[in-house]
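Subject: Structure for you to look at

Hello,

Here is the structure I promised. Please open it and follow along with the notes below.

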Amino acid sequence: MRHEDLMNFNRIDDTRNPGEFIAFLDTASRNKGITAMKRRTYELLDAKPGRRILEVGCGTGDDARQIAKMIAPTGSMIAIDKSEAIISEARRRSRGKSDSIDFKVGDATNLDLESATFDACRIERTLIHIPEPTSAMNEIVRVLNIKGKLVAYEPDLETYVIDSSYRELTRRLLKYWYGQLQSGWVARHLPTLFKESGIADISIEPRAMIYGFDMVSQSFYGTMERAAEAGVASVDEISDWFADLERAHNNGTFFCANMGYIVSGSKM
């Protein structure tokens, strides 16, 4: 079975199986490091009753539903995602759970929202999939109120480390993998993006993430199929590489980690 390339989060609706992207989001949501990072971003939003909050790149709505509880009963929330399939799933999962969230299909670089209408905005693991993250940041800042909070988290995938018996091959495959991103360096560029878009009082919090085999294999399968087609490595080499990682997983020695950054601040 041919897997979807999960580096294509920016065009899920053009793929044959959006369900693979949804399954990956569910796997990621169970990661302890990601869960802790999410909780911290909620705190930085200063989410409390009565506030109006925007989430850009909302996925299946897990974070929006958590934040909605924090701003209830008088707060309101708009959660957008570029994918109709993802927004449909978010609405399905939210049915009967929260009436304060308005899920919308939308483009982060061209928000169909009025200026200066939100008290806070959250964006997570989304800018890496946007070819023009500066445009997205400018749009987000436009719709924030003065002193409105912006909280972002992005992983720096070029800092991925995987323990493997195939050192040179691992380097080659990882370089191809993160090279498929639209904006692979955006995590290290976040503080500059914040400052240039009009955000002040900028705070940066590094987050070391450790990932399990299930999440890593889901993330890599489709991209590695394309790597073989591109001649980066042979099918046999990639098969041996995955088998080596799975052996480590079965032996309890699998290790994969990377760095990410939570950046927050307020509109000037």
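Start at the surface. Ile210 lies in strand 6 (residues 199–210); strands (E, at least two residues) are DSSP runs, numbered from the N terminus. Ile210 counts as exposed because its relative accessibility is 54%; exposed means over 50% relative accessible area, buried under 20%, and partly exposed in between, with a 1.4 Å probe and protein chains only.

A word on the source: this is a predicted model, where local features need pLDDT of at least 70, side-chain atom pairs count only at pLDDT 80 or more, and totals for chains, interfaces and linings use all residues. Residues are numbered from 1 along each chain as its sequence is written, and side-chain values use heavy atoms, leaving out hydrogens and water.

Now go inside. Five of the six residues of strand 2 (residues 76–81) are buried, so the rest of the structure largely encloses this strand. Strand 2 pairs with strand 1 (residues 52–56) in the parallel sense, over five bridges; pairing takes at least two DSSP bridges between two strands. Glu55 has Ala79 in strand 2 as its bridge partner.

Next, find Leu113. It sits in the loop between strand 3 (101–105) and strand 4 (118–124). Leu113 is buried, at 14% relative accessible area. Beyond its neighbours within four places in sequence, Leu113 is in contact (heavy atoms within 4.5 Å) with residues including Leu54, Ile78 and Val143. Leu113 and Val143 are 30 residues apart in sequence, yet 6.8 Å apart in space, C-alpha to C-alpha.

Best wishes

Note on methods. Helices (H or I, at least four residues) and strands (E, at least two) are DSSP runs, numbered from the N terminus.
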